Each structure stands twice: as C-alpha cells, then as structure tokens.
Amino acid sequence: MALASIQYWGLDRKPFLQRFAMGINSADREIALKTGELYASIWDQFDDAQWAQFSDDHFNKWSPLPKENQEFIKGKICLDAGCGSGRAVRSMLLTGAKKVCAIDMGVGCVRNTEDRNKDQSDRLEVKHASVLKIPYPDEIFDFVHCDGVLHHTTDPAGGFAELVRVLRPGGRIVIAVYGRGGLMNFAIYSARMFRNIIPQGFMFGLMKTLNPDPVMLYALMDCMYVPIRKNYYINEIREWFDDSTFTDVVRMDSIWGPYAYGRWMKGEGYIKFRATKLDTA
Ligand SMILES: C[S@@+](CC[C@H](N)C(=O)[O-])C[C@H]1O[C@@H](n2cnc3c(N)ncnc32)[C@H](O)[C@@H]1O
C-alpha cells in the first residue's frame, strides 16, 4: 500500500470502504489522495487571519471571479471542484450564492473548507471526492468553478468533461490551468528534479524553520512536491470548449497571466477561461 494511503488511513481514520467507493481507479485515487494530503498540510499552516488575507489577495488582486459571474452567481447553485481550503467557496458564498457544493481529494482540504466557512455552513456542502468522478447528477449546477486543479490530475480532459456534465445548459464555467513556457516554469522544473533527493517531510520542516511565512511554504511545496504538474498551450485549452457546447468563451487575464511580467518570464501564463454552456432547448 502506498505511503499516501497509510497516512490517510492513520491520520484521518476514515472508513476503509470510503476510499474505494469513489468510482476512480486505484492509480488515479492514490495520486489524488497524495496531492490532497500535500495541499491540506500546507493549508493547515495558515491561521485564520493569514488565510483571510491570502484568499482576499487571490480573489481581489490575482485571480478574481469574473465580474460578469459575480452578478450571475447571486441566488445560484455553484460547484467548486478542488476547493483546497475553500477560498473560492467563501468568495461565492459572500457574493450571494444560494448554495455552494465543494469537492476535494484532500480530507484535510474538506476540513479546512468547512472550518473556514463555518459561519456560512447552512449554504455549504463539502464532499471528499474527485473531479474525475463528481458525485452529483448531470446538469444540476448553475455555476462550476475549478481553479488550479485539473493540471494536477491524471486525466485533465476527463475532469473537464465531468465539469461540463454537471453544468446545466445556460450555466457558466470558470477553469484555470498552468500555461507552458517561460523562465518561471524552467526554474520550477529545475527545482522539481531535487524532489527525488530531498524528502518532502524534510523540506517541509526546513521551510517552516527558516521562513514561517505560509505563503512561501505554499509556493515552494506546491511547485516542488505536487505529484503531477501539467502545463498547456492556450489553444489546447481553448479546444476543450467545443463550439457546439459553449458560447461566450473568453480567456481572462490574471496576475499569473502572460501580461504581468512578460512572456519571457510567465510563458503562456495562468490560463483561465470563462464560458457559458449553450442552452439549445
Ligand atoms: C492548487 S490547489 C487549488 C485549490 C483551490 N482551487 C484554490 O484556488 O484555492 C489544488 C487542489 O486540487 C485538489 N485536487 C487535486 N486532485 C484532485 C482531484 N482528482 N479531485 C479533486 N480535487 C483534487 C487538491 O487537493 C488541492 O486542494
């Protein structure tokens, strides 16, 4: 049994069968659990004030929910797939969503999302589940959000198909994935070569000792130790938005986009798209 499963079983004491009831194969599940545990360990380092600041920076400076969608979300049923610590969940709840459902493969991420949004718990439902097999029926969400998740999975296009499945006709979707190229990616992939030499736990402890800033810890552990880190060309992602299924497909800018520091640094940047699912009825 892989280390991730042992940690998962030992730390979280979840019913044994739950781990096998996600409808995804064991290789996908092991990778996703390992990824989830890494992020959960990072989110746990943020106290409430640091988390609120980091979330606020994310949505108000770096990667905002599209303005068009902020109005749209009000009174709607939303999904955040790969919710992490519930940053987007909070943003959607405070924007006025009727209900927000969230899923993540990190047990600690589910806990973080619930704890950090407990003042809004009557409108929140969080499940331990994979974006590769979303535990909801077809076409039930008005708004589907998946920021920074698909590129960490074993089947990003399959995950995207799942997001589209649960989105109702006329509903809106926002996804974001890493772009290719640029000096920053070169540096990240150079650093990732060391992850086979420097154990994750050692680096985690070292970072905590040297620099207690959880944002720095997040940046380093995320870049170096996440099991899968795929990068895309903008056109590859644009092609996911099939014209017979979507309209109003727009690539959005963010501070992680190519325009902030130039293509030499960020390459294709952070590729964030919004779109509307066609309502052909
Ligand atoms: C970079 S974090 C982004 C979190 C959140 N979207 C945000 O912006 O704060 C990626 C998240 O995706 C989750 N994740 C990875 N693979 C997943 C999968 N197959 N299904 C659901 N969540 C997954 C991780 O556990 C992690 O919380």
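Glu139 counts as partly exposed because 14 C-beta neighbours lie inside 10 Å, a count between the limits of 12 for exposed and 20 for buried. The model described here is predicted.

**Residues with positive phi**

- Glu139 is not a glycine, yet its phi is positive, at about 55°.
- The position of Glu139 is in a loop, with strand E3 (124-128) on one side and strand E4 (141-147) on the other.
- Asp248 is a residue other than glycine as well, and its phi is positive, near 55°.
- Asp248 is placed in strand E6, which covers residues 246-252.
- Asp248 has 12 other C-beta atoms within 10 Å and is therefore exposed, since the class of exposed residues takes in counts of 12 or fewer.

**Gly170**

- Gly170 belongs to strand E5, made up of residues 167-178.
- There are 14 other C-beta atoms within 10 Å of Gly170, so this residue is partly exposed.
- From Gly170 to Phe143 the C-alpha to C-alpha distance is 9.4 Å, and the two residues are 27 apart in sequence.

**Helices H3 and H5**

- Two packed helices are described by an angle between their axes and a distance between those axes.
- For helix H3 (residues 48-62) and helix H5 (residues 87-95), the angle is about 70° and the axes are 10 Å apart.
- H3 is therefore roughly perpendicular to H5, because angles from 65 to 115 degrees fall in that class.
- The two helices, H3 and H5, cross in a right-handed sense.
- On the H3 side the contact is made by Ser55, His58 and Phe59, and on the H5 side by Arg87, Arg90 and Ser91.
- Sorted by class, the residues in the contact of H3 with H5 are 1 nonpolar, 3 polar and 2 charged.

**Helices H9 and H10**

- Helix H9 (residues 200-210) and helix H10 (residues 214-225) cross at roughly 165°, and their axes come within 10 Å.
- H9 and H10 are therefore roughly antiparallel, because that class holds angles over 145 degrees.
- The crossing of H9 with H10 is right-handed.
- H9 contributes Gln200, Met203, Phe204, Met207 and Lys208 to the contact, where they meet Leu217, Leu220, Met221, Met224 and Tyr225 of H10.
- The contact of H9 with H10 consists of 8 nonpolar residues, 1 polar residue and 1 charged residue.

**The shell around the ligand**

- Around the ligand there are 22 residues, and the nearest of them are Ala32, Gly36, Gly82, Gly84 and Gly148.
- At least two residues of the shell come from each of helix H2 (26-43), helix H5 and strand E2 (99-104).
- H2 supplies 4 residues, the largest share of the shell.
- The shell divides by class into 10 nonpolar, 9 polar and 3 charged residues.

Technical notes. Residues are numbered from 1 along each chain as its sequence is written. This is a predicted model: local features need pLDDT of at least 70, side-chain atom pairs count only at pLDDT 80 or more; totals for chains, interfaces and linings use all residues. Axes are lines fitted to C-alpha atoms, for helices over the stretch in contact, and angles run from 0 to 180 degrees between N-to-C directions. Angles under 35 degrees count as roughly parallel, over 145 as roughly antiparallel, 65 to 115 as roughly perpendicular and the rest as oblique. A crossing is left-handed if the near helix is turned anticlockwise from the far one by less than a right angle, and right-handed if clockwise. Two residues are in contact if their C-beta atoms, placed from the backbone, lie within 7 Å. Ala, Val, Leu, Ile, Met, Phe, Trp, Tyr, Cys and Pro count as nonpolar, Asp, Glu, Lys and Arg as charged, and the others, Gly among them, as polar. A residue is near a molecule or strand if its C-beta atom, placed from the backbone, lies within 6 Å of it.
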